[in-house]
Amino acid sequence: MLRQFLDGKSGDVVEAGSGTGQHVVEFARHMPEITWWPSDLNAQHLKSIAAWRTHAGLSNIRPPLRIDLTDPSWCQEMHDGSGPEKLLAVFCANVIHIAPWRVAEGLLAGAGRYLRADGRLYLYGPFKRGGKHTAPSNAAFDSSLRDGDPEWGVRDIEALQELAASAGLKLIEIAEMPANNLILVFARQQAA
Ligand SMILES: C[S@@+](CC[C@H](N)C(=O)[O-])C[C@H]1O[C@@H](n2cnc3c(N)ncnc32)[C@H](O)[C@@H]1O
């Protein structure tokens, strides 16, 4: 999915909520023209990302940014010239359902602020369509998330579209992924 858009292009891509950092290493290996900026909020995860970056030895992975997605401006480096240029893409997997809604708000707001005119936001995970789960396993997962923290939970595509609209973005594609996951692709409302 990412390569459909990124192949043949160059530029900066932020991965939001990178977790261990293993995914960004794979992306960077397969898409060497792209400069990858992993990020996370959690100190242990930032250490893990740094370790995976060192282990991979790839010149197109930058040191992890400490981005707290509840902050719509993400982090200082995004706007003081020490971080990425305007972004070709933002990729975020398995984050917004395992976090309060304000994380989705900050993610979309930041994407609206930092994406290039032709940029894309890729959102991977389980989602509800029209208020309904797409599989019984997602419904069970949603219940277990909400039992652990009532602010967490599988998100509605329609609610995300509303957030996107307020950030100047629109949903342009929904792609089915294995295990009842989806990738939602957002672009600028006035895409270049
Ligand atoms: C389930 S993990 C997903 C990691 C990775 N993207 C993956 O798919 O394996 C969720 C990640 O979101 C991060 N996270 C949670 N709240 C966050 C926030 N407010 N800002 C940035 N990252 C956050 C966590 O630290 C964690 O690394």
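I worked from a predicted model, where local features need pLDDT of at least 70, side-chain atom pairs count only at pLDDT 80 or more, and totals for chains, interfaces and linings use all residues. Residues are numbered from 1 along each chain as its sequence is written, and side-chain values use heavy atoms, with hydrogens and water left out.

**Salt bridges.** I looked for a side-chain nitrogen of Lys or Arg within 4 Å of a carboxyl oxygen of Asp or Glu. The count came to 6 salt bridges.

Asp7 pairs with Arg3, at 3.3 Å from N to O. I checked accessibility too (buried is under 20% relative accessible area, exposed over 50%, partly exposed in between; 1.4 Å probe, protein chains only). Asp7 is partly exposed at 41%. Arg3 is partly exposed at 40%.

Glu151 bridges to Arg102, with the closest N and O atoms 3.4 Å apart. Glu151 sits in the loop between helix 5 (136–148) and strand 7 (155–156), and Arg102 sits in helix 4 (residues 101–114), so this pair ties together parts 49 residues apart in sequence. I took helices (H or I, at least four residues) and strands (E, at least two) as DSSP runs, numbered from the N terminus. Glu151 is partly exposed at 43%, and Arg102 is partly exposed at 43%.

Arg146 meets Asp142 at 2.9 Å, N to O. Both lie in helix 5, 4 residues apart, about one turn of the helix.

**Largest pocket.** I used a 1 Å grid over the protein atoms alone; a pocket is an open set of points where a 1.4 Å probe fits, with protein on both sides within 12 Å along at least five of seven lines. The largest pocket holds about 450 Å³ of space, a volume being the space filled by probe spheres set on the points. It is lined by 23 residues (an atom within 4 Å of a point). Closest to its centre are Gly17, Asp40, His45, Val95 and Ile98.

**Ligand.** I found 17 residues around the ligand, counting any with a heavy atom within 4 Å of it. The closest are Gly17, Asp40, His45, Leu69 and Ala93. A polar side-chain atom of Asp40 is 2.5 Å from a ligand oxygen atom. Leu69 places a backbone N or O atom 2.9 Å from a ligand nitrogen atom. A polar side-chain atom of Asn94 lies 3.0 Å from a ligand oxygen atom.

Terms used: Polar contact = N/O pair within 3.5 Å; in protein donor to acceptor, adjacent residues only side chain to side chain.
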